[in-house]
Amino acid sequence: MYNKFINNYFIVLFSFFPISIILGSTISLINILLIDLSFLFLIFYIREFSFLKNKAVKYLFLLYCYLLFNSLISIDPAEGIYRNFGFIRIIILFVAVNYFFNKKVFFDKVFFIWLIIIFFVSIDVFLESYTGRNMLGYGELYGRRVVSFFKDEPIVGGYINAFYLILIGFLYNKFTIQHKSKILLLSIFFLFAIFLTGERSNSIKAFLGIVFFYAFFKEYKLKYKITFIVIGLIFFISIILNSQYFKLRYVNQVKSLLTQKTIYFDIYKSGYQVFKNNMFFGVGNKNYRAATCLKSDEKNISTNKYICSNHPHQVYVELLSEHGLFGSIFILFIFYKLIFSKFINNLNRINYIQIGSFTYIFLIFTPLIPSGSLFSDYGITLFGFNIAIFFASNPEMNIFSINKRK
């Protein structure tokens, strides 16, 4: 009876996870803190601390120690201290996901609920794209850009991107070959929803992601994969060319990015200048705005070296400007050991859920393509959640499965 209550309690908390992100950073933070604090109480009660010996957990704590150090050397420690100190919640979430997703029944229930939520949000994207407003009447602030339930932020494409390949992988793992055509259609449905949002970067990442995902799909022969990609490209190109809005978003503006000076290049140059002036340790996590916007009051602004912005809109520029060479190399090394080396070394044992989560993580580090801030509440929540699922969904890699076998 007690175990059933505990499982149901955490099923509710984990099932609410995608909704909490839609409701805003405060609700998302509260939901994660509830998971973390409840899980800490549970592990102290059952005296389960074997996970502390796991290499993945040790790497995350190493990253946490670096972030605390980064706060001490920041140009304005008050700016980044809460972000850096708060990273502990992502580590506890990682362990909690591994603990509960080690149970198949728990795993299946939560994933089905997430699938319903993401499908419902995607339907809402189609509705807003067609009518100009979503189910709650949002949609006027950004014109033709789709905001869906996010109301005043055009980030729904990135939101769907963070979940849909994991859920597609779950369906393939669950139903194997007999429903593969239906699951393929569902993946195209999610991809099209992301495309309709008008978010260029996330649309590019989503298309690259689905190609990457199906490249590892063993049940389709190579000729079918190539045919699928070609038909998909023809389909999306025909839609773009027959819509003035999509032509503007995906052709004219992308063309200007490649041929003309744009705000993104100015921001990248600004980020590079911040890096040059703080080459070894950077200005500190979340200190990019403090560096560039303070500098805008000085003579440097007259030479266009700085653009006042919250972050430099590209993950590598963000790492170099806020963490310098030392911090960037350290962070990338941690992520390599934690994720990329695991993927390479376990390639023959990787399941489709892991391919989905790895694809999202891999595309975050795509060069040149603009991106949100990696260490923002929104960014690190989705990033950390995908890392947790990458480990938790495979019994060969789940940190509690490994500890039990040892």
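In this predicted model, the side chains of Asp 377 and Arg 89 meet in a salt bridge, with 3.3 Å from N to O. A salt bridge here is a side-chain nitrogen of Lys or Arg within 4 Å of a carboxyl oxygen of Asp or Glu. Side chains of opposite charge can pair when their charged atoms come close. Asp 377 lies in helix H17 (residues 377-392) and Arg 89 in helix H6 (residues 88-100), so the pair ties together parts that are 288 residues apart in sequence. Helices (H or I, at least four residues) and strands (E, at least two) are DSSP runs, numbered from the N terminus. Asp 377 is partly exposed, with a relative accessible area of 39%, while Arg 89 counts as buried at 9% relative accessibility. Buried means under 20% relative accessible area, exposed over 50%, and partly exposed in between (1.4 Å probe, protein chains only).

A word on how to read these values. Residues are numbered from 1 along each chain as its sequence is written, and side-chain values use heavy atoms, with hydrogens and water left out. Because this is a predicted model, local features need pLDDT of at least 70 and side-chain atom pairs count only at pLDDT 80 or more, whereas totals for chains, interfaces and linings use all residues.

The structure holds 3 salt bridges, so let us visit the others. Asp 108 forms a salt bridge with Lys 174, and their closest N and O atoms are 2.7 Å apart. This pair links distant parts of the chain, with Asp 108 in helix H7 (residues 104-131) and Lys 174 in helix H8 (residues 156-175), 66 residues apart. Asp 108 is buried, with a relative accessible area of 11%; Lys 174 is partly exposed, at 35%.

Arg 349 forms a salt bridge with Glu 396, the closest N and O atoms being 3.5 Å apart. Here both partners sit in loops: Arg 349 lies between helix H15 (315-345) and H16, and Glu 396 lies between H17 and helix H18 (399-405), so the pair ties together parts that are 47 residues apart in sequence. Arg 349 counts as partly exposed at 46% relative accessibility, and Glu 396 is partly exposed too, with a relative accessible area of 38%.

Now step back to the whole chain. The secondary structure of the protein comes to 18 helices and 0 strands. Of its 406 residues, 54% count as buried. Among contacts between residues at least 6 apart in sequence, 73% join residues at least 24 apart. Contact means heavy atoms within 4.5 Å.

How do two of these helices meet? The axes of H15 and H17 come within 11 Å and cross at roughly 45 degrees. That makes H15 oblique to H17. Axes are lines fitted to C-alpha atoms, for helices over the stretch in contact, and angles run from 0 to 180 degrees between N-to-C directions. Angles under 35 degrees count as roughly parallel, over 145 as roughly antiparallel, 65 to 115 as roughly perpendicular and the rest as oblique. The crossing of H15 and H17 is left-handed, meaning that the near helix is turned anticlockwise from the far one by less than a right angle (clockwise would be right-handed). On the H15 side, the contact is made by Phe 335, Leu 338, Ile 339, Lys 342 and Phe 343, and on the H17 side by Phe 383, Ile 387, Phe 390 and Phe 391.

Stay with helix H17 for a moment, where Asn 386 is found. Asn 386 is buried, with a relative accessible area of 0%. Leaving aside residues up to four places away in sequence, Asn 386 touches Ala 162, Ile 166, Ser 357, Tyr 360 and Ile 361.

Another buried residue is Leu 191, at 6% relative accessibility, which lies in helix H9 (residues 180-196). Leu 191 touches Tyr 164, Ala 206, Phe 207, Ile 210 and Phe 236, again not counting residues up to four places away in sequence. Leu 191 and Ile 210 are 19 residues apart in sequence and 7.9 Å apart in space, C-alpha to C-alpha.

Finally, look at the rings. The structure holds 68 aromatic pairs. One of them, Phe 212 with Phe 362, is stacked, with 5.3 Å centre to centre and 15 degrees between the planes. Rings of Phe, Tyr and Trp (its six-membered ring) pair if their centres lie within 6.5 Å; planes under 30 degrees apart count as stacked, over 60 as edge-to-face and the rest as tilted. Phe 212 lies in helix H10 (residues 200-215) and Phe 362 in helix H16 (residues 352-364), so the pair ties together parts that are 150 residues apart in sequence.
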